[in-house]
Each structure stands twice: as structure tokens, then as C-alpha cells.
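Hello,

I am passing on the structure below.

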Amino acid sequence: MSDIVKFEVVNKIAWVSFDRPEKRNAMSPALNRKMMSVLDELEFREDVGVLVLTGEGSAWTAGMDLQEYFRDTEAQGLKGIRQSQRESYGWWRRLRWYQKPTIAMVNGWCFGGGYGPLFACDLAFAADEAKFGLSEINWGILPGGGATKVAVELLSFRHAMYHAMTGELVDGKKAADWGLVNESVPLNKLKERVEEVCKVLLAKNPTALKATKDAIRRVGNMDYDEAEDYLVHMQEAANSFDNEGRKEGMKQFLDEKTYKPGLGAYNRNK
Ligand code: ACO
């Protein structure tokens, strides 16, 4: 039997997998609950510096489970529906604001509700062979659960409209072209590429990374002055968590001349 969600931590990378390959990793209420508890368990572990979300088998995730998430919860009435929404939206929200940097490693199918965790991850890398689709229109609903919002956030108006209205699939390459993911590489190179990016992130100051990822998500809805103000205060708040890191960064550049910030991160192990 598959575990629904599984994880392992190797060299500061938490590899978290949707693990229902026999159901193409469709998100059931049980999966959503387990994912939240796995995120809880990993978020503040000292041996975790970055989290990668991937899928077992041929899918990243085939979206919401039509049987267990829709039909079964609808049979319980509004209480069941709202509870299952809270559980899925809950872990996506948790992931959007996660303490550690997060990467979606999209190995295969990614449908509908899958766009929630896709957007929740800070970065996304896909296999060329992956297939993305807002298939809701194909079974008679609108792309809910935030999927429409994700399309509009990440795609041009024309691409978002076409993608949502036709339900047509795009592969990893086109998804990268459209901005749905950062990059697409052949499936057999995907893990290697993601590991490379993890190493880059692991070399950075973790307080600065959290402040940066939150800032990128927050400022989009602010006008310039609000953003300027928010960023001043966020940096000052970050300094109260880790003021030594940036001082060390300045020292290694200005006094010791051991690195150039334009070309890479300061040595955090000094
Ligand atoms: N919900 C429930 N069960 C699912 C889902 C899903 N989203 N996706 C796959 N499954 C189940 C199938 O019913 C099947 O179960 P069974 O073996 O008990 O019959 C099993 O997973 C394997 O699925 P197949 O369709 O046989 O796999 P295949 O590899 O041929 O196709 C594909 C994969 C294209 C992903 C197909 O399963 C599919 O179209 N799934 C639905 C995708 C979708 O539209 N998701 C909903 C998006 S909208 C939303 O999330 C709100």
C-alpha cells in the first residue's frame, strides 16, 4: 500500500511526495490531512533547509479526488464540503507562507486543484514530459479552489483564458514558456536540476530567504509607497531575528574581501 504522503530528509533537503500513484496522486481529504501534518513536522526542523514537493509514479497530482473530495463530502452536506475545503486550502496556505524555501518538482500530470500547491511553492521545475491542465471545464465546473487565481497570477490574460476555457493540456516546456513554472528539463534530469537549485538556496541566509519570499508574495497587491514602507519594516524585523548574518556578509566583502555579493553568497560557516 502507498503512504498517501511520504518524505525523507537528505542533506538538508526534505523530499515530500504525493504518494497515491494508483490514483494518480489525486488529493483526497485523507491526503490533505496527512500533508498538513507532514508540513508541520518538517517546518522548523534544524536539519531541513529546503522542501521539495513531488509525486510518485506518473503524476505530480491529478488534482482533487472526484470521489473522495467531491462526491463523498457532498454526501455529508455543507459541513463535509466546508471541512474538506478547509483541509486542502489550509495546507496550500501553509505552504505559501512556509518558513523554508519550497520547490515544486513536477514529474507528471498536474491538474486543477494541483495548481494550489504548485503556486504555493516558491519555485517550480517541471519535466518536459509533464502535462498541466485546468480540466475543470471538461467535467463541468469552473477552476475553483484558487486555480483561476493561480492562472491569472502566473499567466497572461490570453493564456489564462485559453487554458481555463479549453481545458487543453500544456507540456513542461510550454508551461515554462508561459511562466507557470521556472524551467522545464527532461524527466531524467529533473531531480539533478532541482538538487542544484536546492544547493544554491541552502547557501543563503535563511532569515533573508524567508523575508524575501514573503516580500515577493506580498508586494504585488501594494502600491509603490506601501511596498517601500513594508519592505523597510520587513528588513528591520528580519534584523531582529538575525542581525549578525548581514553584518558578516558586509564584513567578508568590505573588510576581508573574500567574496563578491554580486557573484554569490557569503560564507555562513565562518
Ligand atoms: N479523482 C479521483 N480518481 C482519480 C483522479 C481524480 N482526480 N485521477 C485519477 N483517478 C483514478 C482513476 O479513477 C483510476 O482509478 P481506478 O484504477 O480505481 O479506476 C486511477 O486513478 C488511475 O487513473 P487512470 O485514469 O486509469 O490513469 P491514466 O494514467 O490513464 O490517466 C489522468 C491519468 C489523465 C490523470 C486521468 O486519471 C484523469 O483524467 N484524471 C482526472 C484529472 C482531473 O481532471 N482532475 C480534476 C481536476 S479539477 C479539480 O481538481 C478541482
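An oxygen atom of the ligand lies 2.8 Å from a backbone N or O atom of Gly113. Please keep in mind that this is a predicted model. In total, 17 residues surround the ligand, and Lys23, Ala62, Met64, Gly113 and Ser135 are the closest.

Next, two helix pairs.

Helix α2, residues 66–74, packs against helix α3, residues 78–96, at an angle of about 155°, and their axes are 8 Å apart. Angles over 145 degrees count as roughly antiparallel, so α2 is roughly antiparallel to α3. Their crossing is right-handed. On the α2 side, Tyr69, Thr73 and Glu74 make the contact; on the α3 side, Gly80, Ile81, Ser84, Gln85, Ser88 and Tyr89 do. Of these residues, 3 are nonpolar, 5 polar and 1 charged.

The other pair is α10 (residues 206–219) and α11 (residues 224–241), with an angle of about 160° and axes 10 Å apart. These two helices are therefore roughly antiparallel as well, and α10 and α11 cross in a right-handed sense. From α10, the residues Thr207, Ala211, Asp214, Ala215, Arg218 and Val219 meet Ala227, Tyr230, Leu231, Met234, Ala238 and Phe241 of α11. The contact of α10 with α11 consists of 9 nonpolar, 1 polar and 2 charged residues.

Regards

Conventions:
Residues are numbered from 1 along each chain as its sequence is written. This is a predicted model: local features need pLDDT of at least 70, side-chain atom pairs count only at pLDDT 80 or more; totals for chains, interfaces and linings use all residues. Side-chain values use heavy atoms; hydrogens and water are left out. Axes are lines fitted to C-alpha atoms, for helices over the stretch in contact, and angles run from 0 to 180 degrees between N-to-C directions. Helices (H or I, at least four residues) and strands (E, at least two) are DSSP runs, numbered from the N terminus. Angles under 35 degrees count as roughly parallel, over 145 as roughly antiparallel, 65 to 115 as roughly perpendicular and the rest as oblique. A crossing is left-handed if the near helix is turned anticlockwise from the far one by less than a right angle, and right-handed if clockwise. Contact means heavy atoms within 4.5 Å. Ala, Val, Leu, Ile, Met, Phe, Trp, Tyr, Cys and Pro count as nonpolar, Asp, Glu, Lys and Arg as charged, and the others, Gly among them, as polar. A residue is near a molecule or strand if one of its heavy atoms lies within 4 Å of it. A polar contact is a pair of N or O atoms within 3.5 Å; within protein, one must be able to donate a hydrogen and the other to accept it, and residues adjacent in sequence count only if both atoms are side-chain atoms.
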